[in-house]
Amino acid sequence: MGMHVPEEIRAEAAALIDHHALGLWKPNDADRRTAVALFHFLETGLPLTSEQIRSALAHTEPAADMTGRLLDLLRGTAGLLDDAPVAESPAGRDAVDHVCLLLDALALSRLTGR
């Protein structure tokens, strides 16, 4: 699915956050490693970039090990970030904020062992 529409990305990120919080979705190790890699980048205070996402996806063992929904979401987010006018729009920023919240939740869940 080509998910480049900010509202779709925001909705999917929000759904994964909820599913993760409720225990309906259990991220696997590849998901967590990718989230942690991106989380460490976010901790620098720099905005998320499509290059950063693609680099994290390229450096996680085989990305095929990742959960399909997270992989699709990150690829869609990279596509959104490639389109600067859309990424800079209020809907685009909101979508990226939700993806960052999801990455935070996944990265921190690894630290707490959840």
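## Salt bridges, core and helix packing

D29 and R32 sit three residues apart in helix 2, about one turn of the helix. Helices here are DSSP runs of H or I with at least four residues, numbered from the N terminus. This is a predicted model, where local features need pLDDT of at least 70, side-chain atom pairs count only at pLDDT 80 or more, and totals for chains, interfaces and linings use all residues. Residues are numbered from 1 along each chain as its sequence is written, and side-chain values use heavy atoms, with hydrogens and water left out.

Back to that pair: D29 and R32 form a salt bridge, their closest N and O atoms being 4.0 Å apart. The term covers a side-chain nitrogen of Lys or Arg within 4 Å of a carboxyl oxygen of Asp or Glu. R32 is buried, at 14% relative accessible area. For burial, the cut-offs are under 20% relative accessible area for buried, over 50% for exposed and partly exposed in between, with a 1.4 Å probe and protein chains only.

| Salt bridge | Closest N and O atoms |
|---|---|
| D94 with R10 | 2.6 Å |
| D82 with R54 | 2.7 Å |
| D29 with R32 | 4.0 Å |

D94 forms its salt bridge with R10. Because D94 lies in helix 6 and R10 in helix 1, the pair ties together parts that are 84 residues apart in sequence. D94 is partly exposed at 29% relative accessible area, and R10 is partly exposed at 33%.

D82 pairs with R54 in another salt bridge. This one also links distant parts of the chain, with D82 in helix 4 and R54 in helix 3, 28 residues apart. D82 is partly exposed at 45%, and R54 is partly exposed at 39%.

R10 turns up again around H98. H98 belongs to helix 6, residues 90–112, and is buried with a relative accessible area of 14%. Leaving aside residues up to four places away in sequence, H98 touches R10, A13, A14 and I17, where contact means heavy atoms within 4.5 Å.

Now for the greasy part. In soluble globular proteins, nonpolar side chains tend to be buried together. The largest nonpolar core has 27 residues, and those with the most contacts inside it are L48, I53, L73, L74 and L103. Two or more of its residues come from each of helix 1 (6–21), helix 2 (29–42), helix 3 (50–59), helix 4 (68–82) and helix 6. Such a core is a set of buried Ala, Val, Leu, Ile, Met, Phe, Trp, Tyr and Cys residues joined through side-chain atoms within 4.5 Å. With residues up to four places away in sequence not counted, I53 touches L38, L48, L74, T77, A78 and L81.

How do helix 1 and helix 4 meet, and at what angle? They pack at about 145°, with their axes 10 Å apart. Axes are lines fitted to C-alpha atoms over the stretch in contact, and angles run from 0 to 180 degrees between N-to-C directions. Helix 1 brings P6, I9, E12, A13, A15, L16 and H19 to the contact, while helix 4 brings R69, L70, L73, G76, T77 and L80.

Finally, R75 is in helix 4 and counts as partly exposed at 46% relative accessibility. R75 and S50 are 25 residues apart in sequence and 8.5 Å apart in space, C-alpha to C-alpha.
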